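Dear colleague,

My notes on what was found in it follow below.

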Amino acid sequence: MEPQRTQPTMQSDLAFSCQNLSVEVTTKEGVKRLLDPIDFSVRKGEILSIIGTSGAGKTTLLRALGGLIPTTENSEVLADGVPIQGPPDRVLMVFQDYASSLLPWRTIRKNVALGLETQYRGKELQKRVESALDLVGLRKRADEYPWRLSGGMQQRVQIARALAMEPSVLLMDEPFGALDAITKNSLQDELLRVQEQTGATIIFITHDVEEAVYLGDRVLALGGIPGRIIEVLDVDLPRPRHQIYTKELPEFLRLRHRAYESVVEAELRLRSEE
Amino acid sequence: MTETLAIHIARSPAKKKSWISRLNWTGAATLTLLLLLWEVLDRAGAIQFNFIPAPSDMIGGAVELLREGSLQSAIGHTAGVALIGWLIACVIGVVLGTILGISRTIWRWTAASVEVLRSFPSITFVPLAVLLFGFSSAMELVVVVYAATWQVLVNTLEGVHTVSPGLRDVARTFRLSPLRNITTVILPAAASKIIVGLRLGLNLALILAVAAEVVGNPAGLGYGLMVEQQALQPERMFVYFISVGLLGIFLNAILQLIISRALPGITAAAERGQKS
């Protein structure tokens, strides 16, 4: 789990490698840049937290990695060594708005089956759906409609639906942003446990600095409009992490301080430029 | 952890209601009272119109028509044409509506034509159809299909256009093929709108079938209505009149039953949408 920074990383060890990644949209007023060219890479099996001021392009970056929006022509973005053209195989997005991401006319079981139905049928399909539901502890509720569940459980359904695809990468866009603090903490721990079991790479956007440090192997801070990378922090905290003990460690407090500061500084710089 | 944090929402017991408790007794009582009032007023001579028969006279007319067999065949004809026409309209409307809803390019070229054509009241096409197809059942069918197709098409189109961007993103991240995207995400998401279109289409199919029979095709309830009116037989005319209404209610009820049986998830999601 602990990232090996002393050894040079091989291309094949990278889930993503991005050079000059930038995103522009064409509006009626002309071309608008959402993300300045940035360089970074993500190791396989790593949890990368992304924080940043609003408007810095966190979601834009994630959607570009998920192949949902195009990057500019001179961007070089590789997912597992292959240039991204549309959503890459086994790279799954988990959206913040679980209510509009689950299909309300399908039961939880059938929601989780959404991506599997073309490849598997009958017993094999049910087995895979149920083991995904087991990962998030929702097997008992499998035949209910998602809107009958609490927000935290609906978000678990969405995570299970992605996990059923045996993803190599999960791209999570503020997935716990709309949940209360206690539900949020328990989902953080479930996510860490699932990541340990599956070894999936996770890129996790959050506006919560503490969450970013708690989950991540690294924290990447974006700032400015259009956004660019303003800080990358290595998180050398022992795993498994613990909601109480990890958060009391001096190193945790130092990292939280540093991450918070970089975001606040970026915010202040932005205001003084205006 | 999962279970202790779970907020268990009490599930309302899904008891099957018997048809007796499903009947709207209070509504039926009011209707019966109104009919009784009509009967009493007519007998007392309070109704001045010559050609408004008492409900009891209509029952006599109905018995006559049933004995001749003309009521059964008229209902059969009108219901048949309305249903066949409506089914054709459903296929055309859903397919075209989906294509126009998905493809921005096609929509850009066709939006103006759709807006212009749909705003013509379908009934204005009846004389034109008579000119083209003569006094025939073919004419009636064409008119029914044309009118019902617009209802289905426009509502399908709107349903597809209003599928949330969130669901579109889900379809993409799960790499659903275009066809699977349509069948598993877009059509179910648009279903509540499409169902509105199907119901409006069915109502209109019946209206236009009767209108075409009144104006042109010598068959069905509309034709019966005309013949009895011209023969100054109000008891018999009112039987056709009421049959049209009852047929409409019956067809609508059947459609609703089929939808709730065939699409339980969509019905459940729609009911929840109405409550919130």
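Where the chains meet, 24 residues of chain B are in contact with 25 residues of chain A, two residues being in contact if their C-beta atoms, placed from the backbone, lie within 7 Å. On the side of chain B that touches chain A, at least two residues each come from helix 1 (2-5), helix 9 (165-173), helix 10 (178-215) and helix 13 (264-275) of chain B, and helix 9 of chain B gives the most, with six residues. Helices (H or I, at least four residues) and strands (E, at least two) are DSSP runs, numbered from the N terminus.

Please bear in mind that this is a predicted model, in which local features need pLDDT of at least 70 and side-chain atom pairs count only at pLDDT 80 or more, while totals for chains, interfaces and linings use all residues. Residues are numbered from 1 along each chain as its sequence is written, and chains are lettered from A and ligands numbered from 1 in the order in which they are written.

Chain B has 13 helices and zero strands. Its radius of gyration, taken over C-alpha atoms, is 24 Å, whereas a compact globule of 276 residues would have one near 19 Å, by the rule of 2.2 Å times the number of residues to the power 0.38. The C-alpha atoms of chain B fill a box of roughly 75 × 55 × 30 Å along the principal axes.

Leaving aside neighbours within four places in sequence, Val144(B) is in contact with several residues, among them Trp86(B), Ala205(B) and Leu208(B).

Chain A also holds an open sheet of four strands in the order 2-1-4-5, with antiparallel pairing, where two strands pair if DSSP finds at least two bridges between them. Strand 2 (30-43) and strand 5 (82-83) of chain A each have a single partner strand, so one side of each is left without a neighbour in the sheet. Strand 1 (residues 14-27) and strand 4 (residues 76-79) of chain A pair over four bridges, and Phe16(A) has Ala79(A) as its bridge partner in strand 4 of chain A.

With best wishes
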